[in-house]
Amino acid sequence: MTRQIIVGNWKMNGTSRDSQALVEALLAGLPATVPDIVTCPPFTQLALLADKLKGSPIALGAQDCHKDVSGAHTGDISPAMLTDLGISYVILGHSERRQEHGELDETVREKAVAATKAGLTPIVCIGETEGQRESGEHFDTLGWQIKGSLPDNFSGILAYEPIWAIGTGRAATEDEIAETMKFLREELVRQFGEAGKTVRILYGGSVNAKNAASILSIADVAGALVGGASLNAEAFLSIIGAASAA
């Protein structure tokens, strides 16, 4: 059985004081047996938390990176800068990056290549809009996103987040998730062959303490990408516990 992984995406939240308090609460409340755990705070907190989490069961991830190693890219962070801090994972292609910063599948693909070369594990996000699902275009959309966003020989993690469920409190139903996960696995195998059988697939979109156990028990769900609930230690620990029991 694939080891589950729980990833917390803090988005644009977390002062130094709040971040330290949250991490300390998480470390104090971890169960004896844990899944893989990754927390992804803002860039401003990475150096601080790298020291706090060193040697703990919680790995540190970033929320984005540039495709270049260095250069004239004001405001950007390179993969090498992340590995220099001891970062292990990086979220790429989140719908908020795609929508607010105009990132295309090609952009995400280039970043995934750069991240992998630097030794990071890319967590590549894909997802459909409510209109695409209602019109029956969701599988075509997801298939094209996989083809465009994942590089050849992809060895990272795929995160499925229906855009209409992100931050809305409305998670996809278990049947919707199961049907989509089956499609994603088949599509990964179709595009990548045998290697597509081992890519871990996460579900994201309003995952919380109440629905985590049922979502994590669905076939091919290898974990969760958690947004708002990752900012609450009690809720995030509950999700971690659900993964430990899955």
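User: In this predicted model, which residues is Arg-185 in contact with, leaving aside its neighbours within four places in sequence?
Analyst: Arg-185 lies in helix α8, residues 174–192. Neighbours within four places in sequence are left aside. The contacts are then Gly-196, Lys-197, Thr-198, Val-199, Ile-201 and Asp-220.

User: Is Arg-185 buried or exposed?
Analyst: The relative accessible area of Arg-185 is 14%. The cut-off for buried is under 20%. Arg-185 therefore counts as buried.

User: Which residues of α8 are buried?
Analyst: Helix α8 spans residues 174–192. Cover for its buried residues includes β5, α6 (130–134), α7 (138–149), β6 (157–160), β7 (200–204) and α9 (212–216). The buried residues are Ile-177, Thr-180, Met-181, Phe-183, Leu-184, Arg-185, Glu-187 and Leu-188.

User: How many Å does α8 reach from its first C-alpha to its last?
Analyst: The helix has 19 residues. At 1.5 Å a residue, 27 Å is expected. The reach in the model is close to that, at 26 Å.

User: Which residue follows α8?
Analyst: Helix α8 covers residues 174–192. The residue after the helix has a positive phi, near 70 degrees. That residue is Gly-193.

User: Which residue stands opposite Val-90 in β4, where β3 and β4 are joined?
Analyst: Strand β3 takes in residues 58–62. Two bridges join β3 to β4, and the strands run parallel. The residue opposite Val-90 is Ala-62.

User: Which residues of β4 point the other way from Tyr-89 and Ile-91?
Analyst: Tyr-89 and Ile-91 point one way from the strand. These two and the pair pointing the other way are all buried. The second pair is Val-90 and Leu-92.

User: Which helix belongs to the β-α-β unit with β3 and β4?
Analyst: Strands β3 and β4 run parallel. The unit they make with the helix is right-handed. The helix is α3, residues 79–84.

User: Which helix gives the largest share of the lining of the largest pocket?
Analyst: The largest pocket holds about 520 Å³ of space. Of its 19 lining residues, the closest to the centre are Lys-11, Met-12, Gln-63, Arg-97 and His-101. The largest share of the lining is four residues, from a helix of residues 95–101, α4.

User: Which residues does Arg-109 touch, not counting residues up to four places away in sequence?
Analyst: Arg-109 is in helix α5, residues 105–117. Its relative accessible area is 26%, so Arg-109 is partly exposed. The residues touched are Lys-147, Gly-148, Ser-149, Leu-150, Pro-151 and Asp-152.

Notes. Residues numbered from 1 in each chain as written. Predicted model: local features only at pLDDT ≥ 70, side-chain atom pairs only at ≥ 80, totals over all residues. Heavy atoms only, no water. Buried < 20%, exposed > 50% of the residue type's maximum accessible area, 1.4 Å probe, protein only. Contact = heavy atoms within 4.5 Å. Pairing = 2+ DSSP bridges. Right-handed = clockwise from strand over helix to strand, strands pointing away. Expected span 1.5 Å × (residues − 1). 1 Å grid on protein atoms, 1.4 Å probe; cavity = no way out; pocket = protein on both sides within 12 Å on 5 of 7 lines; lining within 4 Å. Points joined across faces, edges and corners; volume = space filled by probe spheres on them.
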